Every structure is written in structure tokens, then in C-alpha cells.
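Reader: Hello! Please take me slowly through one part of this model, and then show me how it sits among its surroundings.

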Amino acid sequence: MISDMNPEGIVGEYSESIIQLYEIGPRKVLVTNNEVPYPDGRLIVSRTDTKGIITHVNRSFVEMSGYSEEELVGAPHSILRHPDMPRAAFKDLWDTITEGRIWQGYVKNLRKDGGFYWVKATVIPNIRKGRIVGYTSVRRKPDRRRVEECIPLYASMKKKEQEGSQ
Amino acid sequence: MSYKFTVSPDFSPDYLSGWFIFNTWLQRALGRSFHLEMMDNFQQLHQAIDEDRIDLIYANPYDASMLVRDKGFVPLVKPRGGADEAVIAVRADSDVDAVESLFPGIKVASTDDPDVHLMGMIMLEPAGLSHDSMEIKQCDNYVLVAKALLKGECETGIFLDKAFDELSRPIQSQLRALVRSEIQVIHHSLMAGPRLQAEVGNLRRVLSTMEIDPKGQGVLEGLGVSGWDLVDEEETEFMIDLMETLTYSPD
């Protein structure tokens, strides 16, 4: 399950948004402007089942997300969804991986404390005996120039999505 | 019947005799004949694998996908605490204080050790560097990588962490690590090929108990390994998936 974010855990001034999560529904998220730099040399690794429910996280995932391992395992991966990310990016991700292909892109992730961190994410379907049994997501430190390109691009995609839904 | 055993060519030369002693120990422990053949380079190794000439291999993680998914190899054991990690280093007197300060067009000293080179390239990515934007000087070993930095032939170098830490004091004092990987799940493993399938159970048994056998202990020391941990197929499949995410390039 995934619950609304709790103001008690937020560090610094925050704003409130409602995001629509696929097959889950609305979630209230609280976001700050605090960016946490991606640590050098690390990979953030997680695995999910075919529905996107987290089944495994590594230590770097726990440290960067701010959640405990117990909070993460069993939660949908969209627990990290930041309201600045356009829905189209995740639609593209799911369309790609459910076809058995690898997806790669730059993602702004939301932390439990309302802060965020940028990653270069690669998601691979776990194909066993010809069947997709889950997905592995590996995040690494992004090239900052690519992140700076994504910021206006995602903002404009978000704007179009909001205009389209009105 | 004699089985063919080989070791990924990125093994440390310090352990060359250790692998031959291990081969002798294994033949006695298993009551089977193994012929150990060392390959000079990865090209030679890949040709031997391609021609199905290998039955047992201490494999680089980079080759795990081909061995398991294309050639039907089964993972047996991995060295305890033996995850492969990489170090990006510069000369101690270099102005560069972070990977992001490196610039396109730089010369990078590396080896043909595929998983370490891959991890190094991943750590250079935040500087916007790729194979297209750097010149690689391929060295035969990590001491030569260090020398390429010290001679000023290259601005930065990619090292296996253990090799970097084992450089002599005088060399190490002239180098500085910019970043070390902490990936933790990429490791070499001993794998058995299709002709050894009937022996997989016995291999796992003798290898996993090797450390409690006094003779086995000595043999392990000769390889710089404290013991073998069993590896199951899913752990290896997971590592293969992870390696594929690191080698993936949509371009």
C-alpha cells in the first residue's frame, strides 16, 4: 500500500501536490526544494514484481530514498514519484518493459523527507524461461548537463498534460 | 575423460601458481581429471568458450550472461567478500578534484578487464564522458595503468580496487583515488559447463567445505580467498540483468 505523505517527516518548507498513480489512485505528496546529490560510485538497485511492487532494495536505495527497507518492500515503486515528472515518461517506461525491452531515462525521484534526487535509470525485464517475472531497476549518477536538459523538457510535458486534462 | 578448466585472464599474476595448486586439489577432492589451461587474453578465452572447449571456468561477471544464457553453464560458488569494485584515480598532484572536473578529450588508462572497465566508465559518465569523448590507453596490467598516470601519458586511470590498494607504497603515494565504486553485487564465480552437469552437486559440496579442510585452507590462501560461498542460479541471473543495464546504450 502507499499512503499520503506525512508533514512530520518533511524537512524544511514544503508545497503540497496530488499525483495520480496508475492503478492506485491519488496520493498527496509534500515536496521541498532540497536536492540531495547522488553519491559517487553507487548504484541504486531495486526489483519489483510484474505489477511494480518492490520485492528487493539495496542499501543505497534505502539511504537515498529516506525510507526503511521495511517501508519499501511491498510498496509500489511509484512511492518515489515526484510531481515534477510527466506521466508520459512512466507510460513510456511501462510500455517498453512490458514488451520485454530495456528502458533508460533521467528521473527526478521524491524522498520521504520531501527532498529529491536525480538519477539515470535503466529498467530491465527479468525474463526467466521465456517469461517476464519482474523488473530490475538500476539507477546511477547522471551527467548534470543531461539533467539540466530534462528540467525544462519535463516541465513543458507536464504543462501539456495538465492542459490536456482540463 | 579429462575436463578443461580455465581462469578468466584478468586474474592477478600473484595467484598463477595458486590456480594450478587449486586444480590439483580439485582433482583429488572430486576424483576427476581436470586440465587447467590459462588463456592469454579475453579474445582467446571467448574463442574457447565459443568452440565449447571449456568445462569449468572462474569467470568474469562480464562473461556470465554468455556462459549461462547461451552456453548452459551453471554457477557454483563465488569468493567470499569478493565483489569486484573499481577505482578512478589521478596523479596526486593533479588539479582534478572530482570526476565532474574531467573533460572530453582526456586520455584514460585502463585494462582489458571487462567488468572493471565497465564500472570505471559508469563512474566517468557524470562528467559527460564516453568512449567517443576520450582516448583509451589499454594497458596489460594495473601497474602499467599507474605508470601511465605517473608518466603523464594519461590524465586518469581505471583500476580494480584490490589492484589499486596493492600498488607499492611509493607508487600509491603519487596517486589519488577520485572515486571508488560501491556496487557490491558484481563478482567472479566458478561455473560448470554442460559436460560437468552430473558433477555439479559434488563440486558445490567440495568447494563449499574447502575452508574446513586443512589442505583446502592452504589452497584457498594461495588464491587470496578466505572461502567459497554458494551461488544459486537466480543470484547469477540477477547479476546478469544488472550487468545488462550497465552495458545498455540506446544509441
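Author: Happy to. Two strands pair if DSSP finds at least two bridges between them; helices (H or I, at least four residues) and strands (E, at least two) are DSSP runs, numbered from the N terminus. The model is predicted, so local features need pLDDT of at least 70 and side-chain atom pairs pLDDT 80 or more, while totals for chains, interfaces and linings use all residues. Residues count from 1 along each chain as its sequence is written, chains are lettered from A and ligands numbered from 1 in written order, and side-chain values use heavy atoms, without hydrogens or water.

Strand β3 (residues 44-48) and strand β4 (residues 54-57) of chain A run antiparallel and are joined by three bridges.

Chain A has another backbone angle worth a look. A:Glu23 sits in the loop between β1 (15-21) and β2 (25-31) of chain A. Its phi is near 65°, a positive value in a residue other than glycine. With a relative accessibility of 66%, A:Glu23 counts as exposed (buried means under 20% relative accessible area, exposed over 50%, partly exposed in between, with a 1.4 Å probe and protein chains only).

Across the whole structure, the search finds one cavity of 30 Å³ or more. On a 1 Å grid over the protein atoms alone, a cavity is a set of points where a 1.4 Å probe fits but cannot get out, a pocket is an open set with protein on both sides within 12 Å along at least five of seven lines, and lining residues have an atom within 4 Å of a point. Points join across faces, edges and corners, and a volume is the space filled by probe spheres set on them. The largest cavity holds about 90 Å³. From chain A, its lining takes A:Asp40, A:Gly41, A:Arg42, A:Leu43, A:Arg140 and A:Lys141. From chain B come B:Val99, B:Ile122, B:Met123, B:Pro126, B:Val179 and B:Ile183. By class, that lining has seven nonpolar, one polar and four charged residues (Ala, Val, Leu, Ile, Met, Phe, Trp, Tyr, Cys and Pro are nonpolar, Asp, Glu, Lys and Arg charged, the others, Gly among them, polar).

B:Ile122 and B:Met123 from this lining are also among the buried residues of α4(B). Eleven of the eleven residues of that helix are buried, so α4(B) is largely enclosed by the rest of the structure.

The largest pocket has a volume of about 1,100 Å³. Of its 41 lining residues, B:Asp10, B:Phe11, B:Ser12, B:Pro13 and B:Leu160 are the closest to the centre. The elements that give two or more residues to this lining are α4 (114-124), α5 (142-150) and α6 (161-165) of chain B. Its classes come to 19 nonpolar, eleven polar and eleven charged residues.

Next, a strand of chain B. β6(B) pairs with strand β7 (residues 134-138) of chain B in the parallel sense, over five bridges, and B:Lys107 stands opposite B:Glu135 in β7(B). Four of the five residues of β6(B) are buried, so this strand is largely enclosed by the rest of the structure. B:Ser110 belongs to β6, which covers residues 106-110 of chain B, and at 1% relative accessibility B:Ser110 counts as buried. Leaving out residues up to four places away in sequence, B:Ser110 touches (heavy atoms within 4.5 Å) B:His117, B:Ile136, B:Lys137, B:Gln138, B:Cys139, B:Val145 and B:Ile158.

Finally, compare two aspartates in the loop between α2 (42-50) and β3 (56-59) of chain B. B:Asp55 lies in that loop and is buried, at 3% relative accessible area. The C-alpha atoms of B:Asp55 and B:Gly193 are separated by 4.6 Å, although the two are 138 residues apart along the chain. Among the residues that B:Asp55 touches are B:Tyr3, B:Phe73 and B:Arg195. B:Asp52 lies in the loop between α2 and β3 too, but is partly exposed, with a relative accessible area of 42%. Phi of B:Asp52 is near 55°, a positive value in a residue other than glycine.
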